[in-house]
Amino acid sequence: MNPANRKAVPATAAELRAAAVVLALALLLPLALDGYQLFQLTQVLAYAIALLGLNLLSGYNGQVSLGHGAFCAIGAYAAAILMTRFGLPYWLAVPAAGVVSLLAGLLFGLPALRLGGLHLALATFGLGLALPQLLKYKGLEAWTGGVQGIVLSKPEAPFGLPLDQDLWLYYFTLSATLPMFWVARNLIRGRIGRALVALRDAPIAAVAMGVDSARYRLFAFGVSALYAGVAGALAAVAVQFVAPDSYTIFFSIALLVGIVIGGLGSISGALYGALFIQFVPNIADELSSAAPWAIYGVFLLACAYLLPQGVAGALRRLAIRNARKG
Amino acid sequence: MEALVNQLLSGLASGGIYASLALALVMIYQATHHVNFAQGEMAMFSTYVAWTLIAAGFGYWAAFFLTLAFAFGLGFLIERLLVRPVARAPVLSVVVVFIGLLVIFNSLAGWLFSYSIRSFPSPFPQETLHLGRYLVTPHQLGAVGVTLIVLVLVFAFFRYTATGLAMRAAAQHPDSSRLAGIRVGRMLALGWGLAAAIGATAGMMAAPVVYLEPNMMSGILLYAFAGALLGGIDNPGGAVLGGFLVGVLENLLGAYVIGTEIKLSVALFLIVAVLLVRPRGLFGGRSLRS
């Protein structure tokens, strides 16, 4: 392969402008928000990381995972156990949880990836259904806290920074989100990303070109589990609580809803999807307790037929149309 | 020994329910190479329809057959309206549609019938039977009986009726069947309707045991997946046998090895193990499309 192709594509001016605006908003907007709004925004960032990971796997590599909530759960529990049992500070527990989740992903991916498509969807669906029960298991209760889960303490801002705890948690989560988006973007724009997309769109041609299918697919599975794990750990630190019932199969389905609505195969889609799954249920909840899920279902179907590239794809098309007019 | 036989019997009883749902899954898989993740929720929703009919004063069996007709129509319509447009789409789009259906039926049931747990009547007598020294409930026997009757009917339908043969032909060689004058699209919709009706019997047989609530089928669906994979996801007879096997395994492992708390992990383990060791299942065909 041409060495020049190995470098990530540099960002265009428009991309840099958009990134600068988003960054400025992300840094400054929180100063005007109250505690609960900050908490919601922190959750959005954590969701966005999980969705980005799932999108790497499903959107870019075409592998369906219906149980990605399980890897969030593994990350969340790993962080909680490391903090409460081993006294690890939260800022070390989060990356460590990512590593644990990566290992879990590789371990589960090895057998699951031997068969493509539907069978992976089946196996991950099983994982998503079975994990909450496993977390409640008496034999593991000493570690997981059983049905009760684990309560964590809320971190203070370090170095005597004059930030309250919610604001500090937000910035801490943001400081993890930014590099993870940056890394994902470079992964996708580079050689690895092209290999992942090629394996999705034309697996036979990709293998004939020398792309190692098993290795790349396992890589995608592992990385997406790592992202899910970090997201789970960040969310756990923000909520200060982990419990098995937060990670039912419906949580995994919510992640699927997030990437489908945000936009499959798009980086910014992770953010739109995260905003959707954070705020739409809150609004819909006022109608009926079943309404959020009814809306999720309807949006899933609507996206499948009408908007296959989600919000990100729709925005892209709008931008192109405007550019043509102007 | 007595306890063991009792466990075997109740394993067979729940196995019958898994077998019915596995059969429904396999029917759809054979015809379209789709795995219907909404099969369990469709069955659950049909069971709510039966419950509503019974509450409205219908007798059990009248409600039972009306529900089968409802489920058939539901499956038929879903294939026509929702599944056909994505028939040739990538796996991800199809899975998204099925998950969308799962979520919609689940929330619709919660919305219409509330999330509270309800009891569902069994058509069979209440008191426990003593077969020699072994205890069985009439419902367990009845559920197995209903499963076997469904099996025989499905077998006879596909073996001896013109429509059944046409459906098999449409599933195996759609293009040749079309040339022979079979309306392939209609056969697929019929298959979906039949599968939904079979699923509905599983729901109605399961509800007296697991109680009626919107999430009642999630565990059963996982066992049905395990059963279908174990028996061979492209072999209806194998899937039924797989369903019974999984029911027995679940009960024996639950009683003697790992306890009842992590039964779902057994199903997960079975699924992964089958995919690893023998992906086509015990009785599946040679080719496995992924």
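Hi everyone, this is a short walk through the structure above, a predicted model.

A word on conventions: residues are numbered from 1 along each chain as its sequence is written, and chains are lettered from A in the order in which they are written. Local features need a pLDDT of at least 70, side-chain atom pairs count only at pLDDT 80 or more, and totals for chains, interfaces and linings use all residues.

Let's start with chain A. It has 15 helices and 2 strands; these are DSSP runs, helices being H or I with at least four residues and strands E with at least two, numbered from the N terminus. How does the radius of gyration of chain A agree with a compact globule? A compact globule of 326 residues would be near 20 Å, and chain A has 20 Å, so the two agree. That radius is taken over C-alpha atoms, and the globule rule is 2.2 Å times the number of residues to the power 0.38.

Now, where do the chains meet? The contact takes 42 residues from chain A and 35 from chain B, counting two residues as in contact if their C-beta atoms, placed from the backbone, lie within 7 Å. On the chain B side, H4(B) gives the largest share, 15 residues.

Finally, confidence. The predictor gives the complex an ipTM of 0.86 and a pTM of 0.88. Chain B averages a pLDDT of 87, pLDDT being the predictor's confidence in each residue, from 0 to 100.
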